Amino acid sequence: MTRQHNRAWFGLLVILCPVFLVSMDGSILFLAMPRISQALTPTADQALWILDVYGFAVGSLLIAFGTIGDRYGRLKLLMIGAAVFGGASTAAAFAPSPELLIAFRALMGLAGATLLPSALAVLSELFPDPRRRARAIGVFAAAFAAGFAIGPVVGGVLLERFSWGSVFLVNLPVIVVFLALAPVLLREVRATSEGCVDALSVALSAVGLLLAIYGVKHAAAEGLSAVAVAAGIAGAGLLVWFARRQRGLDHPLIEFSLFRDRVFTIAIVTGLLPLAAWSAAAYLSGVHLQSVLGLPVLHAALLALPGAAVLTTFCVVTPALVDRIGKRAALVTCHFSIALGLALLLMTGVTGGAGWYVASTVVAGVGYGISFSVVADTAVAAVPAERAGAAGAIAETSNEIGNALGIALMGSLAALVFRLAGPGLAPTLGETLQLPGIAPTAAVDAKEAFVAGLHTAVAVLSLLHVALGILALRWLPQSEKALVPQASA
């Protein structure tokens, strides 16, 4: 029994390797983008694609690869995904152009989508005892949250001594360790269900989402054009087609009927919006600290540590907190603390604001940690037991899509404000500051325009969290028993 117990926990450590990498790679570029912009000179919308195409790829393919793993083997898919992730990371580290870097980041996202659902399924096989499995899943969630939280810190530390490609090459040793140990410590897992993947639904959701976001980004960075409008309309049309198609499928990618439950809806939006706020604020603040305030990248990374520590701590302690105050109070606290933390960024400016940034990440970190920990459990508890798998898959997807949407939409909003309020010399702050012989007044104008864009984005996100906190107060029942539905007949 002791040998089997030790094998299970060693197996958990091995599983956490790809899980940690997938979450960390969603945020590791936030402090690296100024350096990447200097090396590859991407346009405004290309810079956003470098950041968020990874999250879109992971989020749009999670459910599909979960079903594929059920049919063909979770461990097999886990091994293939890890190998592809390592290869794509290596290629991204040496990408000579923004277009190729975007392509390799998308390939990393595709591989990442194979890893998360398969890792969770293999973990469940390691821990058949429900109590130990619950503890293992808690460690799994904490590792995932920690990866998101410390990604910018790891990126900053690497960039202090190495080139920008190091933020991708750091994945390789972890992948090698995983590929060496996984066949020894982990077993193959297959599900007995007969679910199938609707390839057209996968294509409609992924292409529709990317086209719609392309239209938004292109319009924000360069103004309205026929290309931007056509892409936006085509993307919206494909997403509507996708939603209607799900109603007639025996095994839909997303069961939209689950959103009729208000508790489930609040839980899923709580999975999406805090991740959107965290990613947008982290990215824009990283540019502010380096390009506006002129801080070294390592200094900026160290400033992110207090918030990362708070986020990870609250992810771990939230289950105990929920036991004391209930899910309703925890979710309300989540949204109002994030709203307050984001509002503190409104105090930043062209000549200062590093202290306000630290205060913002600490206060908002409470809410981010709660959201990471409580969303999946709340979503699953809000639906009948036979639909728990679908609810959990939607909860995981909302996290990844939220991470990507935050950068895409709020980054586009900030880019739009910069284009309208800036000196008009270049479409981004980085490109403007690199112009030869730029006048000091023009540089100050560009920095002020960027700060205005940052303030606009965080103000919108703060107000959205206030609104969601109020909805949680009104919609969520005060009794914990009311959160648990009766199984359908």
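Author: C17 has a relative accessible area of 18%, which is under the 20% cut-off, so the residue counts as buried. In this predicted model, the closest cysteine sulfur to that of C17 belongs to C315, and at 18 Å it is too far away for a bond. C334 is likewise in no disulfide, with the sulfur of C315 as its nearest cysteine sulfur, 12 Å away. The relative accessibility of C334 is 0%, so this cysteine is buried. A disulfide would need two sulfur atoms within 2.5 Å, and the search of the whole structure returns 0 of them.

Salt bridges, by contrast, are present: the structure holds 2. One of them joins the side chains of D52 and K217, with 2.7 Å from N to O. This pair ties together distant parts of the chain, since D52 sits in helix α3 (residues 44-72) and K217 in helix α9 (residues 199-222), 165 residues apart. Both partners are shielded from solvent by the accessibility criterion: D52 is buried because its relative accessibility is 0%, and K217 is buried because its value is 1%.

The other salt bridge is formed by the side chains of R245 and D198, at 2.8 Å from N to O. Here too the link is between distant parts of the chain, 47 residues apart: R245 belongs to helix α10 (residues 226-246), while D198 lies in the loop between α8 (171-185) and α9.

In general, an α-helix has 3.6 residues a turn, so residues three or four places apart point the same way. Just after α2, the backbone at T41 takes a positive phi of about 45°.

As for confidence, the pLDDT averages 85 over the protein, and 92% of the residues score at least 70. Residues 484-489 are a stretch to read with that in mind: their pLDDT is below 50, and beyond near neighbours in sequence the stretch has 10 contacts in the model.

Notes. Residues are numbered from 1 along each chain as its sequence is written. This is a predicted model: local features need pLDDT of at least 70, side-chain atom pairs count only at pLDDT 80 or more; totals for chains, interfaces and linings use all residues. Side-chain values use heavy atoms; hydrogens and water are left out. A salt bridge is a side-chain nitrogen of Lys or Arg within 4 Å of a carboxyl oxygen of Asp or Glu. Helices (H or I, at least four residues) and strands (E, at least two) are DSSP runs, numbered from the N terminus. Buried means under 20% relative accessible area, exposed over 50%, partly exposed in between (1.4 Å probe, protein chains only). pLDDT is the predictor's confidence in each residue, from 0 to 100. Contact means heavy atoms within 4.5 Å.
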